[in-house]
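Let's take a short walk through this model together.

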Amino acid sequence: MYDHGFLRSLVLAGSALVVFGLLFASFAHEYWELIVTQGLMVGLGGGLLFLPGLLGLSSHFHSRLALAQGIATSGGSLGGVIYPIVFSQLQPMIGFGWATRIIALIAASSLVIPAACMKKPPKTRERHPSLDLSAWRDASYSLFALAIFLGFVGFYVPYYYVQAYSSEKVAMSKSLAFYLLPILNAGAFFGRILPNLLVGFFGPLNTLIPFTITSATIALLFTFCRTTPSVIIFCALYGFFSSPLMSLVPNVVSKLCSKTDSFGTRLGMLFIPMSLGYLIGDPIAGIILGAGWVPLQVFCASTLLACAAVMLAVRVRLQGWTLTQPI
């Protein structure tokens with residue numbers, strides 16, 4: 001839809017789904033109602049907004065596109081800092097319903113800006129088919145898709161489980177453990193911007209691989225966190241070093257596309273294995289948790305390390321072992 005000039009329609013539809021999904025969720029009394037509103041409506045709305053939000057930048061930025069996309073994706077992390085704190089402060093005072101409606105109002109206010117400012121692609125833009133099956137015959141693209149799938153199986157595990165871990169193993173108070181998620185997102189905010197500055201010197205794939213290896217190492221060191229300061233440091237470092245796995249993906253895809261390829265189509269297709277990994281990773285981690293915290297932490301580190309290994313195979317396939325060529 002983006003390639004065919006429907007940027008404004010995607011932004012307006014996504015904004016409406018997010019805002020009305022939150023509003024309807026504020027009136028929910030049954031679990032299935034939250035699945036439909038908070039799950040399906042807000043989820044679909046976010047999906048309609050995220051990809052056009054990245055692709056639209058390609059019409060305005062060239063040499064600094066990676067930095068622009070990093071700043072764009074940092075909005076998700078900034079929301080991850082603001083919304084939990086706002087909800088936790090408001091919910092005891094005014095209840096779930098009104099706290100959720102205020103969040104919907106904040107979302108509506110912020111979504112007015114992209115709805116008013118984002119422009120559709122130029123009319124001269126070449127149009128491409130909505131699905132490019134030939135992309136899967138490209139070994140480099142398929143391997144990178146596998147890497148992204150593996151990475152996102154474990155990527156969000158700390159986001160879901162660090163609070164429970166801290167309450168159980170570190171004896172951290174619930175009030176302090178709550179702020180671990182905002183700390184993770186604060187680290188991710190900077191991690192989606194600062195590493196993107198290196199892309200102009202080393203290339204997106206050369207930047208992404210060492211950051212992913214480092215995030216896997218930090219996830220493994222999570223097994224040794226037994227004190228409150230160590231858990232807080234882990235959250236800040238993991239948020240920072242793992243987040244390029246989100247912000248640099250579009251730049252790598254652009255390197256894997258020839259001049260005749262549809263960047264929008266191929267990037268959209270790549271979000272299928274990414275979303276699948278995200279969908280199954282945390283429930284799998286929940287099952288592994290039955291065997292203890294260390295297996296869960298090792299699971300997270302292993303998936304990230306496997307992701308880095310497959311990305312390294314892509315890099316070697318494209319440029320060999322030489323480090324003189326940015327890619």
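## A proline in a helix

Helices here are DSSP runs of H or I with at least four residues, numbered from the N terminus. By that naming, Pro250 belongs to helix H12, which covers residues 249-256. Please keep in mind that this is a predicted model.

Pro250 has a relative accessibility of 1%, so it counts as buried, the cut-off for buried being under 20%. Leaving aside residues up to four places away in sequence, Pro250 touches Leu54, Gln69, Phe263 and Leu267.

## The cysteines

How many disulfides does the model have? The count is zero, where a disulfide needs two cysteine sulfur atoms within 2.5 Å.

Take Cys235: the closest cysteine sulfur is that of Cys225, and at 8.2 Å it is too far away for a bond. Cys235 is also buried, because its relative accessibility is 0%. For Cys300, the closest cysteine sulfur belongs to Cys307, and the 11 Å between them is too far for a bond. Cys300 is buried as well, with a relative accessible area of 2%.

## The second largest pocket

The second largest pocket has a volume of about 460 Å³. It is lined by 20 residues, and those closest to its centre are His62, Ser63, Leu65, Ala66 and Val199. Helix H3 (65-117), helix H8 (199-202) and H12 each give two or more residues to this lining.

Sorted by class, the lining of the second largest pocket holds ten nonpolar, eight polar and two charged residues.

Notes
Residues are numbered from 1 along each chain as its sequence is written. This is a predicted model: local features need pLDDT of at least 70, side-chain atom pairs count only at pLDDT 80 or more; totals for chains, interfaces and linings use all residues. Side-chain values use heavy atoms; hydrogens and water are left out. Buried means under 20% relative accessible area, exposed over 50%, partly exposed in between (1.4 Å probe, protein chains only). Contact means heavy atoms within 4.5 Å. On a 1 Å grid over the protein atoms alone, a cavity is a set of points where a 1.4 Å probe fits but cannot get out, and a pocket is an open set with protein on both sides within 12 Å along at least five of seven lines; lining residues have an atom within 4 Å of a point. Grid points are joined across faces, edges and corners, and a volume is the space filled by probe spheres set on the points. Ala, Val, Leu, Ile, Met, Phe, Trp, Tyr, Cys and Pro count as nonpolar, Asp, Glu, Lys and Arg as charged, and the others, Gly among them, as polar.
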